[in-house]
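The entries follow the order in which I checked things.

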Amino acid sequence: MLRWLFPSIDGEMLGFAHIFIRKMGHVTVYGALAWAFWFALGGFSRLTLGVRTRWVLLLCALYAAGDEFHQSFYPSRGSSVYDVGLDLLGATLAVCLLRILWRWSASRTSTPPLNRPNAIHYSS
(Lines give C-alpha, C1' and ligand atoms only; values in the text may rest on other atoms or scores of the structure.)
Protein backbone atom coordinates (compact mmCIF):
# COMPACT_ATOMS: atom_id res chain seq x y z
CA MET A 1 0.00 0.00 0.00
CA LEU A 2 2.87 2.37 0.80
CA ARG A 3 4.41 1.69 -2.61
CA TRP A 4 1.06 2.51 -4.20
CA LEU A 5 0.71 5.75 -2.21
CA PHE A 6 4.35 6.74 -2.65
CA PRO A 7 5.73 5.10 -5.82
CA SER A 8 9.17 6.69 -5.42
CA ILE A 9 9.74 5.49 -1.84
CA ASP A 10 13.07 3.70 -1.39
CA GLY A 11 13.58 0.44 0.52
CA GLU A 12 15.09 2.05 3.59
CA MET A 13 12.22 4.51 3.99
CA LEU A 14 9.72 1.71 3.36
CA GLY A 15 11.30 -0.34 6.16
CA PHE A 16 11.19 2.65 8.52
CA ALA A 17 7.55 3.36 7.67
CA HIS A 18 6.64 -0.28 8.27
CA ILE A 19 8.26 -0.31 11.71
CA PHE A 20 6.77 3.08 12.60
CA ILE A 21 3.24 1.97 11.68
CA ARG A 22 3.62 -1.27 13.67
CA LYS A 23 4.92 0.53 16.76
CA MET A 24 2.22 3.18 16.60
CA GLY A 25 -0.22 0.28 16.56
CA HIS A 26 0.97 -0.57 20.07
CA VAL A 27 0.30 2.99 21.24
CA THR A 28 -3.13 3.13 19.59
CA VAL A 29 -4.39 -0.27 20.69
CA TYR A 30 -3.33 0.16 24.30
CA GLY A 31 -4.81 3.66 24.34
CA ALA A 32 -8.10 2.06 23.31
CA LEU A 33 -7.65 -0.67 25.95
CA ALA A 34 -7.06 1.98 28.64
CA TRP A 35 -10.18 3.79 27.44
CA ALA A 36 -12.17 0.54 27.79
CA PHE A 37 -10.77 -0.19 31.26
CA TRP A 38 -11.55 3.41 32.31
CA PHE A 39 -15.20 3.03 31.45
CA ALA A 40 -15.37 -0.52 32.77
CA LEU A 41 -14.26 0.81 36.16
CA GLY A 42 -16.78 3.66 35.91
CA GLY A 43 -19.45 1.61 37.61
CA PHE A 44 -17.51 1.89 40.85
CA SER A 45 -18.55 5.46 41.58
CA ARG A 46 -16.71 5.48 44.88
CA LEU A 47 -13.32 5.29 43.15
CA THR A 48 -11.42 8.52 43.24
CA LEU A 49 -9.90 9.81 40.03
CA GLY A 50 -6.39 8.87 41.21
CA VAL A 51 -7.36 5.33 42.20
CA ARG A 52 -9.17 4.81 38.90
CA THR A 53 -6.08 6.05 37.01
CA ARG A 54 -3.77 3.69 38.88
CA TRP A 55 -6.06 0.70 38.30
CA VAL A 56 -6.30 1.39 34.57
CA LEU A 57 -2.52 1.72 34.20
CA LEU A 58 -1.90 -1.40 36.32
CA LEU A 59 -4.35 -3.47 34.25
CA CYS A 60 -2.80 -2.23 31.01
CA ALA A 61 0.72 -3.01 32.29
CA LEU A 62 -0.28 -6.53 33.30
CA TYR A 63 -1.99 -7.14 29.96
CA ALA A 64 1.01 -5.78 28.01
CA ALA A 65 3.50 -7.89 29.98
CA GLY A 66 1.32 -10.97 29.55
CA ASP A 67 0.99 -10.35 25.82
CA GLU A 68 4.76 -10.02 25.36
CA PHE A 69 5.32 -13.16 27.46
CA HIS A 70 2.84 -15.00 25.25
CA GLN A 71 4.66 -13.79 22.11
CA SER A 72 7.95 -15.17 23.43
CA PHE A 73 6.69 -18.71 22.74
CA TYR A 74 6.27 -18.09 18.99
CA PRO A 75 9.41 -18.05 16.82
CA SER A 76 7.71 -15.80 14.25
CA ARG A 77 6.94 -13.17 16.90
CA GLY A 78 9.31 -11.08 18.94
CA SER A 79 8.99 -10.29 22.61
CA SER A 80 10.31 -6.95 23.80
CA VAL A 81 10.27 -4.82 26.94
CA TYR A 82 10.39 -1.86 24.54
CA ASP A 83 6.97 -2.87 23.22
CA VAL A 84 5.60 -2.95 26.78
CA GLY A 85 6.89 0.60 27.14
CA LEU A 86 5.08 1.66 23.97
CA ASP A 87 1.93 -0.04 25.25
CA LEU A 88 2.15 1.88 28.51
CA LEU A 89 2.81 5.11 26.62
CA GLY A 90 -0.45 4.61 24.73
CA ALA A 91 -2.33 3.80 27.94
CA THR A 92 -0.84 6.81 29.74
CA LEU A 93 -1.72 9.20 26.91
CA ALA A 94 -5.29 7.89 26.88
CA VAL A 95 -5.63 8.22 30.66
CA CYS A 96 -4.25 11.77 30.54
CA LEU A 97 -6.81 12.68 27.89
CA LEU A 98 -9.61 11.03 29.87
CA ARG A 99 -8.64 12.90 33.04
CA ILE A 100 -8.61 16.20 31.14
CA LEU A 101 -12.03 15.45 29.65
CA TRP A 102 -13.40 14.37 33.02
CA ARG A 103 -12.22 17.54 34.74
CA TRP A 104 -13.51 19.69 31.89
CA SER A 105 -16.88 17.94 32.06
CA ALA A 106 -17.02 18.26 35.86
CA SER A 107 -16.29 22.00 35.62
CA ARG A 108 -19.23 22.49 33.23
CA THR A 109 -21.88 20.84 35.40
CA SER A 110 -23.97 22.83 37.85
CA THR A 111 -24.04 19.94 40.32
CA PRO A 112 -21.72 20.57 43.27
CA PRO A 113 -18.82 18.10 43.55
CA LEU A 114 -18.82 15.36 46.15
CA ASN A 115 -17.03 15.96 49.43
CA ARG A 116 -13.96 14.08 48.23
CA PRO A 117 -11.75 16.26 45.97
CA ASN A 118 -11.12 13.68 43.23
CA ALA A 119 -14.33 11.69 43.47
CA ILE A 120 -16.00 10.59 40.27
CA HIS A 121 -19.55 11.90 40.22
CA TYR A 122 -22.43 10.62 38.12
CA SER A 123 -25.65 12.56 37.83
CA SER A 124 -28.85 10.58 37.49
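In which hand does H2 pass H4 in their crossing? I looked this up in a model that is predicted, and I found the crossing to be right-handed.

Entry on the helix pair. I took H2 as residues 11-40 and H4 as residues 81-108. I then sorted the residues in the contact of H2 with H4 by class and read off 16 nonpolar, 3 polar and 4 charged.

Entry on the whole chain. I counted 4 helices and 0 strands, and along the sequence I wrote the pattern down as α-α-α-α. The chain has 124 residues, and 27% of these count as buried. For the accessible surface I noted about 8,800 Å², with 69% belonging to carbon and sulfur atoms. Among contacts with a separation of 6 or more, I found that 60% come from residues 24 or more positions apart.

Entry on Leu-57. I located Leu-57 in helix H3, residues 49-71. Leaving out residues up to four places away in sequence, I listed Leu-88, Ala-91, Thr-92 and Val-95 as the residues Leu-57 touches. For Ala-91 I also noted the C-alpha to C-alpha distance to Leu-57, 6.6 Å, across 34 residues of sequence.

Methods:
Residues are numbered from 1 along each chain as its sequence is written. This is a predicted model: local features need pLDDT of at least 70, side-chain atom pairs count only at pLDDT 80 or more; totals for chains, interfaces and linings use all residues. Side-chain values use heavy atoms; hydrogens and water are left out. Axes are lines fitted to C-alpha atoms, for helices over the stretch in contact, and angles run from 0 to 180 degrees between N-to-C directions. Helices (H or I, at least four residues) and strands (E, at least two) are DSSP runs, numbered from the N terminus. A crossing is left-handed if the near helix is turned anticlockwise from the far one by less than a right angle, and right-handed if clockwise. Ala, Val, Leu, Ile, Met, Phe, Trp, Tyr, Cys and Pro count as nonpolar, Asp, Glu, Lys and Arg as charged, and the others, Gly among them, as polar. Buried means under 20% relative accessible area, exposed over 50%, partly exposed in between (1.4 Å probe, protein chains only). Contact means heavy atoms within 4.5 Å. Accessible areas come from the Shrake-Rupley method with a 1.4 Å probe; for residues, only the protein chains shown count as cover.
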